[in-house]
Amino acid sequence: MWYTPLVGKRPKSPSRPSEQSEALEKQGKRVPAIFFRTDAGGEPVRDWLKSLSSEDRKRIGEDIKTVEFGWPIGMPVCKPLGNGIYEVRTSLAQNRIARVLFYIDKKGWMVLLHSFIKKTRKTPKEDLGLARSNKSKHQRGLQ
């Protein structure tokens, strides 16, 4: 489980950018996942994951990890939603379906923008709109 040890803590950032690159290369990930962070310092996807059961977190984490190591990857794990936004699709217990929306930024990071338990056949416009908004905020922060 790639995130469970860090759920209660904020990860320490390496002091040098080259240290960060070296650490990522050692992990063998094609697109390492990071959580979108709001201006106030919150991480909505991390908070959502912490609210789920450990079994649900494990399943979602495994699917995110599949994308990290296998990018580019398609159905059934990952689906493009347009404008550079993709969804990680996870089937949970009791016929529930989780979605984690992300994009790949210009540095090659898988930025986890928004997440939810799907209740309708189509991805709700509000959820997609929030992911687009978070993507724009993240892109502005990279400039």
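A word on the model before we start. This is a predicted model, where local features need pLDDT of at least 70 and side-chain atom pairs count only at pLDDT 80 or more, while totals for chains, interfaces and linings use all residues. Residues are numbered from 1 along each chain as its sequence is written, and side-chain values use heavy atoms, with hydrogens and water left out.

Let's begin with the rings. Rings of Phe, Tyr and Trp (its six-membered ring) pair if their centres lie within 6.5 Å; planes under 30 degrees apart are stacked, over 60 edge-to-face, and the rest tilted. That rule gives three aromatic pairs. W71 sits in the loop between α3 and β2, and Y86 is in strand β3, 15 residues apart. Helices (H or I, at least four residues) and strands (E, at least two) are DSSP runs, numbered from the N terminus.

W71 also forms an edge-to-face pair with F102, at 5.9 Å centre to centre and 75° between the planes. Because F102 lies in strand β4 and W71 in that loop between α3 and β2, this pair ties together parts that are 31 residues apart in sequence. Together, ring pairs link W71, Y86 and F102 into a cluster.

W71 is buried at 16%, F102 is buried at 0%, and Y86 is partly exposed at 23%.

Next, the cores. A nonpolar core is a set of buried Ala, Val, Leu, Ile, Met, Phe, Trp, Tyr and Cys residues joined through side-chain atoms within 4.5 Å. The largest one has 20 residues, and F102 is among those with the most contacts inside it, as are I60, I64 and V67. Elements supplying at least two residues each to this core include α3 (54-70) and β4 (96-104). A second, separate core has ten residues, including F36 and Y103.

Finally, the second largest pocket. Its lining includes K79, P80, L81 and R121. A pocket is an open set of points on a 1 Å grid over the protein atoms alone, where a 1.4 Å probe fits, with protein on both sides within 12 Å along at least five of seven lines; lining residues have an atom within 4 Å of a point. Strand β2 gives the largest share of this lining, three residues.

Methods
Buried means under 20% relative accessible area, exposed over 50%, partly exposed in between (1.4 Å probe, protein chains only).
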